[in-house]
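Good morning, everyone, and thank you for coming.

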Amino acid sequence: MARPYPPGARLLARPDAVRPCAGCGDPLGRGYPTCATCADAVDAYWKADWEALRGDDTADRDLAADVLAEPAGVYPWTCTDWALRLIPCPACRAELGTGDPGCLTCARADQSRWAWDHGGMPVAMTQNEHTLRVAVAALRAADRHRDTVVAFWRLTLPFLLVGETFTAAQARRIRVLLLAGRAEELAESPGYAAMTALPDLPWRA
Ligand SMILES: [Zn+2]
Ligand SMILES: [Zn+2]
């Protein structure tokens, strides 16, 4: 079976700039996964790896079971993620790893996929790839995360998609601004630098 090279999400070139989504009008990716156009644009990187791995004559479900039976690192991380999507959780029936926070089967499935991201693999993921993966996993399992966490990933995904990364300090600043109710201004900002440069407002009584 031919394999896409590890680690994953490198078969297709990333967009060269953030552009408005033809479906929802927001920067492409921000509507993930509700807006189909945003979802297709993001998922394309996972799908390309999956289709390269699957070829023409393997069934999705069979391949998904094979991929999930192997330790992380044998297949590209995108294929592990895609396999999880194809298999419903035997306990809660949600997409595996995305179910109710109380579902232990989902929690286990979600936890086991992250070995790729914690080093020790022959070919490392980039920081951008890791962050993009975390964003997509969180947005597909929004019920498992706090609202500000979901808002943070929606906000940042369009820039992650074009290959940008943010620093820990930028992430902290964006989270603080979200908690302070500045989501609209953040959403209009053309990048992380502009988001973090939003001024503090004087305290309003
Ligand atoms: Zn959209
Ligand atoms: Zn479950």
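This is a predicted model, and when we count ring pairs whose centres lie within 6.5 Å, the count comes to six aromatic pairs. Let us take Phe 152 and Trp 153, whose ring centres are 4.9 Å apart and whose planes stand at 75 degrees, so this pair is edge-to-face. Both Phe 152 and Trp 153 are buried.

Trp 153 also pairs with Phe 166, and here the arrangement is tilted, with 6.3 Å from centre to centre and 40 degrees between the planes. Because Trp 153 sits in helix α6, residues 147-161, while Phe 166 sits in the loop between α6 and α7, this pair ties together parts that are 13 residues apart in sequence. How buried are these two partners, in terms of relative accessibility? Trp 153 has a relative accessible area of 9%, and Phe 166, at 16%, counts as buried too.

Now let us step back to the whole protein chain, which has nine helices and zero strands. Of its 205 residues, 42% count as buried. For a chain of 205 residues, a compact globule would have a radius of gyration near 17 Å, and the 18 Å of this protein chain agrees with that. Along the principal axes, the C-alpha trace spans about 60 × 40 × 35 Å. Finally, among contacts between residues at least 6 apart in sequence, 56% join residues at least 24 apart.

Key:
Residues numbered from 1 in each chain as written. Chains lettered and ligands numbered in written order. Predicted model: local features only at pLDDT ≥ 70, side-chain atom pairs only at ≥ 80, totals over all residues. Heavy atoms only, no water. Helix = DSSP H or I, 4+ residues; strand = E, 2+ residues; numbered from the N terminus. Rg over C-alpha atoms; globule rule 2.2 N^0.38 Å. Buried < 20%, exposed > 50% of the residue type's maximum accessible area, 1.4 Å probe, protein only. Contact = heavy atoms within 4.5 Å. Phe/Tyr/Trp six-rings, centres within 6.5 Å; stacked < 30°, edge-to-face > 60°.
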